[in-house]
Amino acid sequence: MVGQSYRERVDEALRSGGSETALDLAVAALETSCGDLLTEWGEAVECLGGQSAALRACLLGALPDRYRRAPLGSASALGLLHLSAVLNRGLTTDVLVAERRAAVAGIGDLWVCRDHALLHLAHTELYGGWALPPQTVATVRRSAALVEDPGWKTLAVQLAQPVLNVGEHWADTALADVAESRPGWVRLLAHAASVRALPPTVTWERRARDLLTDIGAAAVRERLLCWLGLVGLPRTHMVTGAGNFGPQWTNVRFDPFNADALRGVVWLLALMDPDEGSTLALGALADVALRVAPGQGPLKVANAAVRVLSRLEVVP
């Protein structure tokens, strides 16, 4: 009927026993909306996802052929992957699961992601019990910080591991070091990453001192200075998409999530007695941070290094 919405037409086709027709109409809504779930495409997905298990299984069986006909990586292909996840809820078999997870893993090759279809796909896989790959977690966290879309923030707050974003030399080394050490190291790195402002709260410092005492200040200092010496090296996992600063900066910029954690790592040195090694490392860190690509992350790190040097009453 003229004037009917796609959802109404999908619903009518389902009531008439035309599951293939309903799916065709849903795909038409998908292509019209370019995969935007806030349009009639989202309504069609909701309608199809609310059907009986038997009917959803039938619809799922018809999806792979349509997916293969869609251009790889297109909004249509991603939309069909999302639909497959919705239709599969509560069923014992899955369809296009490998393709869905490959698409989510591919997010990890981006500096940030602005694709709403990929956001929903990552949400769906996480809610389904699949742990997102570390590189994807890193992109989600950067997107939460840099993309004006609350959906990324909602997803990021659910991702507690790894403690740091992979892809930077210093962070990869820190994660590997604590993984091979006793639990106190894991707690120390997690605590350093939890700092939200400088100077940290009295409670934060008290907990940090307890952790330093538990491990041993000398051992911690040695490890921290090693990590700080790796800051600013080329990324270990290259990404694409440069945001607002041009493609030449993509793989030399500080990861904003790690930059916040790095401030906590730097502040740990403020809780130890000053020594020449710490002074040199903090001065070098401030220099590196001020020479890399523009952005708040490097400035935060440089400011942290200078503040700790000041607290230690030394001049870089």
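S84 has its place in helix α6, where helices (H or I, at least four residues) are DSSP runs numbered from the N terminus. The model is a predicted one, in which local features need pLDDT of at least 70 and side-chain atom pairs count only at pLDDT 80 or more, while totals for chains, interfaces and linings use all residues. Residues are numbered from 1 along each chain as its sequence is written, and side-chain values use heavy atoms, with hydrogens and water left out.

S84 is buried, with a relative accessible area of 0%; buried means under 20% relative accessible area, exposed over 50%, and partly exposed in between (1.4 Å probe, protein chains only). Its side chain makes a polar contact with the side chain of R100, at 3.0 Å. Such a contact is a pair of N or O atoms within 3.5 Å; within protein, one must be able to donate a hydrogen and the other to accept it, and residues adjacent in sequence count only if both atoms are side-chain atoms. Leaving aside residues up to four places away in sequence, S84 touches L60, L63, V95, L96 and R100, contact being heavy atoms within 4.5 Å.

After α6 comes G90, whose phi is positive, near 85°.

G90 is also among the residues that line the second largest pocket, as are A85, N88 and R100. This pocket has a volume of about 190 Å³. The elements giving two or more residues to its lining are α6, α7 (97–106) and α8 (116–127), and the largest share, three residues, comes from α8. On a 1 Å grid over the protein atoms alone, a pocket is an open set of points with protein on both sides within 12 Å along at least five of seven lines, a cavity is a set where a 1.4 Å probe fits but cannot get out, and lining residues have an atom within 4 Å of a point. Grid points are joined across faces, edges and corners, and a volume is the space filled by probe spheres set on the points.

Two cavities of 30 Å³ or more are present. The largest has a volume of about 120 Å³; of its 16 lining residues, the closest to its centre are E168, G232, L233, R253 and F254. Helix α15 (256–270) gives the most to this lining, with three residues. The second largest cavity, of about 40 Å³, brings the account back to α6, which gives the most to its lining, with three residues. Among the residues lining the second largest cavity are W41, H82 and H120.

Some backbone details remain. Most residues other than glycine have a negative phi, and most peptide bonds are trans. L96, one of the contacts of S84, has a positive phi of about 65° although it is not a glycine. L96 sits in the loop between α6 and α7 and is buried, with a relative accessible area of 9%. C34 also has a positive phi, near 55°, but is exposed, with a relative accessible area of 61%. Cis peptide bonds join Q161 to P162 and L198 to P199.
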